[in-house]
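Have the structure open and follow along.

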Amino acid sequence: MLDKNREWKKKQNPETLTGTQGAGHLPASVAVLGSTGSVGRQALEVASCHGLRVDLLSGQRSVAVLEEQARQFLPRYCAVADETCAADLRVRLADTQVRVLSGAEGICEGIGLTDAPVVVNAILGEAGLQPTLAVLDAGRRLALANKESLVIAGREVMRRAKEKGVDVLPVDSEHCAIFQCLQAGRKEEVQRLWLTASGGPFFGYDRAGLSQVTRAQTLAHPTWRMGAKITVDSATLMNKGFELIEAACLFDVPAEAIEVVVQRQSIIHSMVEYIDNTVIAQLSVPDMRDCVQYALSYPARVGGLTPPLDFFTLGHLDFARPDTDTFRLLSLARDAIGSGGGVPATLNAANEEAVSAFLEDRIRLTELFDVVEDTVRELEPASREAERLPDILAAASCAREMARDRIRRIAEAGPL
Ligand code: MG
């Protein structure tokens, strides 16, 4: 029986949670990779709220932020891929016991050295793949926010997790939701996964409308606060496409059994439909800290930082079918699952290049669509044959080159 008064007080002041109810269900320590990014920073908020020791941090470029985090959490290890940034950080942290590791291999070394039972991988992009594999090889629970690990090498990631008996807990709101909904039935009873999408800032736009949008409009997401790369991916629905691939790998279901539905308020984070046509949904205020916390506390639940849902204020929930004619990268992702091999990896690589070019104002949003689609389609016959990880990565690298080339030609053709 819950102590109602205590529950109420807890909701008024979530900070009082530290070291109280549910703390026993959380690991004593945690490692956070990609700690300077949006999800990484939110993972540290969760760690701080529950008084968890942070044993390993890794970040990119923003040395000042990393120094601040290292001084706050005093991890044993801090890994930075860039050698110059690592040297800078070593000087800044000379008066502490923090050991700074450097290079891409420094992050994997840190994973081997840390004693944290859970590693949050919130690294952005393809750079997150090797750390994902290192976490699994080290036999640690993986709280996975780096969706590229699954998009590029989903089969390999899930195979290693199974081999090592390691849990992969998704830190992506939709997959975290599906993971929770799947606990209401058995795998063979699942009929369909309903992956929800906010629709992004350009919901309702047609192709002509999209050709006029600016970078600032693209970066204004209606419901989620996130980094620039994923905000662009949300606006193009590429993010939803990646999430389709991610869901197919994580939950081992065919693409045909996954339906995308626009849920404008981002309150239903996804749903699972069972063979009796019952649908189990997971609802909460949109906040990534919930996903990080659940990945740490699973199978238990603990009180957290986000407020409860207020259905009286919410009033209604809206649903719509996504417009895959306009947002064609979503269909491209679905096709990529069917093609298999290295095709999803080429999709990710071409998109990473095109998003960077868009953020630098070198191409328009509709040109981003063209660059990604043309690159993936051209490489598809060869890249679908890639089976081994080195071949998949080679296909991705080829896509990157080809996309850069297309971007250069578009940029040279004239100013935006
Ligand atoms: Mg998501």
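## The sheet

Five strands make up an open sheet in the order β11-β10-β8-β9-β12, and the pairing is mixed. At the edges sit β11 (279–283) and β12 (319–320), each of which pairs on one side only. Helix α8 (residues 173–181) packs on this sheet and touches β8, β10 and β11, with its direction at about 35 degrees to that of β10. Inside the sheet, β8 (residues 190–197) and β10 (residues 268–274) run antiparallel to each other and share four bridges.

Some ground rules. This is a predicted model, so local features need pLDDT of at least 70 and side-chain atom pairs count only at pLDDT 80 or more, while totals for chains, interfaces and linings use all residues. Residues are numbered from 1 along each chain as its sequence is written, and side-chain values use heavy atoms, with hydrogens and water left out. Helices (H or I, at least four residues) and strands (E, at least two) are DSSP runs numbered from the N terminus. Two strands pair if DSSP finds at least two bridges between them, and contact means heavy atoms within 4.5 Å. Angles run from 0 to 180 degrees between N-to-C directions, using axes that are lines fitted to C-alpha atoms, for helices over the stretch in contact.

## The magnesium site

Which residues hold the magnesium ion? Its protein donors are Asp172 (OD), Glu174 (OE) and Glu243 (OE), lying 2.1 Å from it. Donors here are N, O and S atoms within 2.8 Å of the metal (3.2 Å for Na, K and Ca); water is not among the atoms, so sites may look incomplete. Along the chain, the donors follow the spacing D-x1-E-x68-E.

Asp172 and Glu174 are both buried (under 20% relative accessible area; exposed is over 50% and partly exposed in between, with a 1.4 Å probe and protein chains only). Glu174 also forms a salt bridge with Lys240, with the closest N and O atoms 2.8 Å apart. That pair links distant parts of the chain, Glu174 in helix α8 and Lys240 in helix α12, 66 residues apart. Lys240 is buried, as is Glu174.

In helix α7 (residues 148–164), Glu163 and Arg159 lie four residues apart, about one turn of the helix. Their closest N and O atoms are 2.7 Å apart. Glu163 counts as exposed at 57% relative accessibility, whereas Arg159 is partly exposed at 41%.

There is a network too: Glu126, Glu352, Glu353, Arg400, Glu401 and Arg404 are linked by salt bridges.

## Helix α15

Buried residues in α15 include Arg328, Leu329 and Leu330. Among the elements covering its buried residues are α16 (343–359) and α17 (365–383). Just after α15, Gly340 takes a positive phi of about 70 degrees.

How values were computed:
Salt bridge = Lys/Arg side-chain N within 4 Å of Asp/Glu carboxyl O.
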